[in-house]
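Biologist: I'm new to reading protein models. Could you walk me through one, feature by feature?

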Amino acid sequence: MTTTQQPPFPPSEPPRGPGSGDSHGQGSGDGHGHGPGGGHGHSHSHSHGPTAPVSKHLRKVIAAVLIPFTAAVVVGLVVLWPGGAPSHERTGVGFDRQTQQATVTKVDTVDCKSVNASGETPTGDTSTAEGSSAQQQATGDCKKATVRIDTGKDKGRTFTEIVQPDQSRQLHQGEKVVVAYEPSAPKDLQYSVTDVNRKVPLALLAAIFALAVVVVGRMRGVMALIALAISFLILNFFILPAVLQGSNPLIVAIVGSSAIMLIALYMCHGLSARTSVAVIGTLLSLILIGVLGSLFIDWASLTGNTDDNTGLIHGLYPSIDMSGLLLAGIIIGSLGVLDDVTVTQTSAVWELHEANPTMGWRGLYRAGIRIGRDHIASVVNTLVLAYAGAALPLLLLFSIAQSSVGTVANSELVAEEIVRTLVGSIGLVASVPVTTALAALVVSADRPATAPSAELTGGRAPARGGKGRRRKR
């Protein structure tokens, strides 16, 4: 070795043409260290910024799929837009009651005998629930609560509420409550306490949630909250009123879910090919969920009318297809988890490609599907436990009745949850290979479009760029 000035390239590596020393033009005279005698590990051409955008050809292919789909969603929103929920005569039952806000101003303890019309134990047997309740009402202390109306035309009016000792909800002085109003009842019986006013704790919890999302997610978190608000607006002002107006619940759910998906994904993850692949994967999975759900709801003869709430809806709006409403619920309920799976799988494939740009689509698919298997296991378990937790009181009733597993599963109420869970889970499982394959094909097909930049950085430089980037921490 001599101490003469080094040539612009290592002796063992011939010059590659203008600009090969640093493709970004940052004046780094050490080159990339990719030649046989290299090893500097600076890798300037690959350590700055995100992966290059996909080629113009791929953008055209993606646009050819998504633009007509987006246009169809917009047309569906315009055609099916309900313009508000239809009016109806209130029944005074369940959620259809008129309600006002009120405050418990005073609570006195009184003898239950003095306020109950009958305190006799019906059977003389206190071992039964009915007998035990009657015994407490006959011998225990009740509460006499004075409640003040805080809203509506009767604001300031007070009434009394008798609380039995065995009631699960006991009233306390100063407590905010919700009262039901029945105008056709006698004046002293028009109001009754139906629930506790939970607006303050719920609002505080929502504020804590929003703060946590913004602090951790920063700008991405802000966009996620905006997308969440838009999703609720679509649900409240389009999906629900359109179903009540008599539109087909399945079509309404498909159009509304598609609108939510497009807005949420592009707002949260940006207008890019990566997000577009996740959108296509989500759409294909939703189609599969819709087909399977429709098939098995019909095959299992599920009516969708299984409890008091669905019975009330059917009574108020007989034209609503309750089985279609059940299918719509399955599609909407699966959408949120599908977004998570498809975005994660697409991002995983993109990052794998960035780490090793020479990896073909088969290699990308195999690596991505290994990540997806872990995701499948956790997501399916999450879905099953979520549905089981929501149906826990019902499952307890079956356990008390000592019903067999087959009897429990065969009941329509549980069968609905089984179909909902399994159809949604099948769609989630299918979304992993479908989205991974799409992402791998898009990324690998885009490699020729990035060849010029590879030439400028030294031929096979991208294959070694990942190593240089990993060494530079």
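Predicted model: local features only at pLDDT ≥ 70, side-chain atom pairs only at ≥ 80, totals over all residues.

Biologist: Okay, let me try it out. Is S301 buried or exposed?

Modeller: S301 has a relative accessibility of 54%, so it counts as exposed. You'll find S301 in the loop between α6 (273–299) and α7 (308–316). Its backbone is worth a look too: S301 has a positive phi of about 55° although it is not a glycine.

Biologist: Which helix holds R218, and what is its phi?

Modeller: R218 sits in helix α4, which covers residues 199–244. Its phi is positive, about 55°, and R218 isn't a glycine either. With 66% relative accessibility, R218 is over the 50% cut-off and therefore counts as exposed.

Biologist: Let's zoom out. How many helices and strands are in the chain?

Modeller: The chain has 14 helices and five strands. It has 473 residues, and 36% of them are buried.

Biologist: And what does the surface of the chain come to?

Modeller: The accessible surface is about 26,600 Å², with 62% of that belonging to carbon and sulfur atoms.

Biologist: What about contacts along the sequence? How do I read those?

Modeller: Look at how far apart the partners are in the sequence. Take the contacts between residues at least 6 apart: 69% of these join residues at least 24 apart.

Biologist: Now the aromatic rings. How is a pair of them described?

Modeller: You give the distance of the centres and the angle of the planes. In this model the count comes to four aromatic pairs. One of them is F159 with Y191, a stacked pair with 6.0 Å from centre to centre and 20° between the planes.

Biologist: Where in the chain do those two sit?

Modeller: F159 belongs to strand β3 (residues 158–163) and Y191 to strand β5 (residues 191–196). They are 32 residues apart, so this pair links distant parts of the chain.

Biologist: Are F159 and Y191 buried or exposed?

Modeller: F159 has 9% relative accessibility, so it counts as buried. Y191 is buried as well, with a relative accessible area of 7%.

Biologist: Which residues do ring pairs link into a cluster?

Modeller: That cluster is made of F159, Y181 and Y191.

Key
Residues numbered from 1 in each chain as written. Heavy atoms only, no water. Helix = DSSP H or I, 4+ residues; strand = E, 2+ residues; numbered from the N terminus. Buried < 20%, exposed > 50% of the residue type's maximum accessible area, 1.4 Å probe, protein only. Contact = heavy atoms within 4.5 Å. Areas by Shrake-Rupley, 256 points an atom, 1.4 Å probe, with all protein chains shown as cover. Phe/Tyr/Trp six-rings, centres within 6.5 Å; stacked < 30°, edge-to-face > 60°.
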